[in-house]
Amino acid sequence: MSYYILLDFGSTFTKAALINSPQAEIIYTTKYPSTVNTDATIAMEKCLVEIKSKINANDFEQATILASSSAAGGLRMAVIGLTERLSLAAGKNVAFGAGAKIVHVTAGKLSVKDIHQLENIPLEMILFCGGYEKGNHSILLHNAQLLSKSKLNVPVIYGGNSSVAQAIRGLFLQHDKECFLVPNIIPNVGELDTSNCETIIRDLFMKRIVNMKGLGKVQQLVKEITPTPAAVLSAGAVLSKGTPHHNGYKDLMIVDIGGATTDIHTYTENTAAEGAKLIGAAEPYSRRTVEGDLGMRESSDTLISEVGLTKIAQDVNLPEQTVKCSIDKRVHDHDFVADSAIEENLDQTIAKSAARIAARRHCGRYEPVHSSNCIRVQLGKNLEQVKTVIGTGGPIINSRNPLEILTEILKKKSKDTYLLLPKEADFYKDGDYILYAAGLLSTVDADFAFEVMENSLKHWYLGKVNAR
């Protein structure tokens, strides 16, 4: 029998899972408060001591160890495109797909003010894109001039019109800045070419960003560290598409609620809704979005602002001032744990709001038009065919009623007329915290990763629900 040890270095917790082969069973899981700001190996060693106690010494020494990390705020990127609906949308899909946390976006001709804003953001990488092949290049050259002369000192990945790629790289090199060239991510109308760009982003994460996050020592034990969101995205893709030996779950969604963000992952081919014409950037099969203002702790105040303090107070049957004080606790103490029925009820309400809003930002929508060719146009991804929804993240996994949170993603017949959301689904929760681990396993053995997820999810089936 052989074993896999899967580690995840998060900002809050360092987690570990022990899985055996070929049974694809989760033998043991554990977690400790992360120590990535001082020495990442401290929490890691505590996890490994527990893991080692579950198997014999020889099996431990022979175990395959894989790791992911979202520590220190994740991989912070800016995306610069030409148009909001095309290159910027495509660039965001690529960055999110590679596991990045987008902290700034801009489209069109950059100004000096835009550059100053970029210089004052804690960035680790820039994705610069735009223009179809043989299309616009004057604005790209203008933007490259400003970026290359700026005080920015982070790697730039250029994935735009290839006719000016070498000229753009030359501008950055003249000013001692790194610039990596990848094929145009939107070479033609309705086309996406993202794999090379995603690979470069992940390689840079491994080679440069990891050491900045205090994880350098871990490399003595683990050769490669994957961004955690990228690992979860990969896990969902395997579960959706299946493998040569396993039929996939087909169209599915993953809802991941955390302290700072709410992430939505969807896996489905984009199709036009009935009577609609697709416009805008092409949508990838595997898509991830991150809502940085929809978290349970440090961004709970912005979430409450979106929903409305009065509405939240009514939902939890508390005075507005009481709710405001509770939210302030969450914003200033990211480790806050609900310690009463009132606080648990507020957490549940926040989580429901996060799932509801994030799903509606992620999904596509259609708009009526007056045309002889179609009665409406569709922007974004059609999720009506999604039939499987998986919830992960502490607020869902530890909830007294995770189904109540997850069903918020369903289309509400009376309110969501123009939104392309699922109307019904089978719901699961990631009760073993296994999605990151399965994503790591999929790089070694996709069949094995699929079996691990299926064995786990069977234990955490929540039920089938139809939209109201």
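User: In which sense do strands S2 and S3 pair?

Analyst: This is a predicted model. In it, S2 (residues 13–21) and S3 (residues 25–33) pair in the antiparallel sense, over 8 bridges.

User: And which residue in S3 does Leu-18 stand opposite?

Analyst: Tyr-28.

User: What about the turn, how many residues sit between S2 and S3?

Analyst: The two strands form a hairpin with 3 residues between them. Ala-24 in that turn has a positive phi of about 60°.

User: OK, switching to helix H5. Which of its residues are buried?

Analyst: Leu-140, Asn-143, Ala-144, Leu-147 and Ser-148 are buried in H5. Down the helix axis, these buried residues fall within an arc of 125°, so they line one face of H5.

User: What covers them?

Analyst: The cover includes strands S5 (75–81), S7 (125–128) and S8 (156–158), plus helices H4 (112–119) and H6 (165–174).

User: What span should H5 have, and how far apart are its end C-alpha atoms?

Analyst: H5 has 12 residues (138–149), so at 1.5 Å a residue it should span 16 Å. Its end C-alpha atoms are 17 Å apart, which agrees.

User: Now the core. Which residues have the most contacts inside the largest nonpolar one?

Analyst: That core has 43 residues, and Ile-5, Leu-7, Phe-9, Met-77, Ile-157, Cys-197 and Ile-201 have the most contacts inside it. There's also a second, separate core of 37 residues, which includes Ile-327, Leu-346, Ala-358 and Val-389.

User: What does Leu-7 touch?

Analyst: Leaving out residues up to four places away in sequence, the contacts of Leu-7 include Met-44, Leu-48, Ile-65, Val-222, Tyr-436 and Leu-440. Lys-15 and Ser-68 are also among them.

Technical notes. Residues numbered from 1 in each chain as written. Predicted model: local features only at pLDDT ≥ 70, side-chain atom pairs only at ≥ 80, totals over all residues. Heavy atoms only, no water. Helix = DSSP H or I, 4+ residues; strand = E, 2+ residues; numbered from the N terminus. Expected span 1.5 Å × (residues − 1). Buried < 20%, exposed > 50% of the residue type's maximum accessible area, 1.4 Å probe, protein only. Arc of directions from axis to C-beta. Contact = heavy atoms within 4.5 Å. Pairing = 2+ DSSP bridges. Core = buried A, V, L, I, M, F, W, Y, C linked by side-chain atoms within 4.5 Å.
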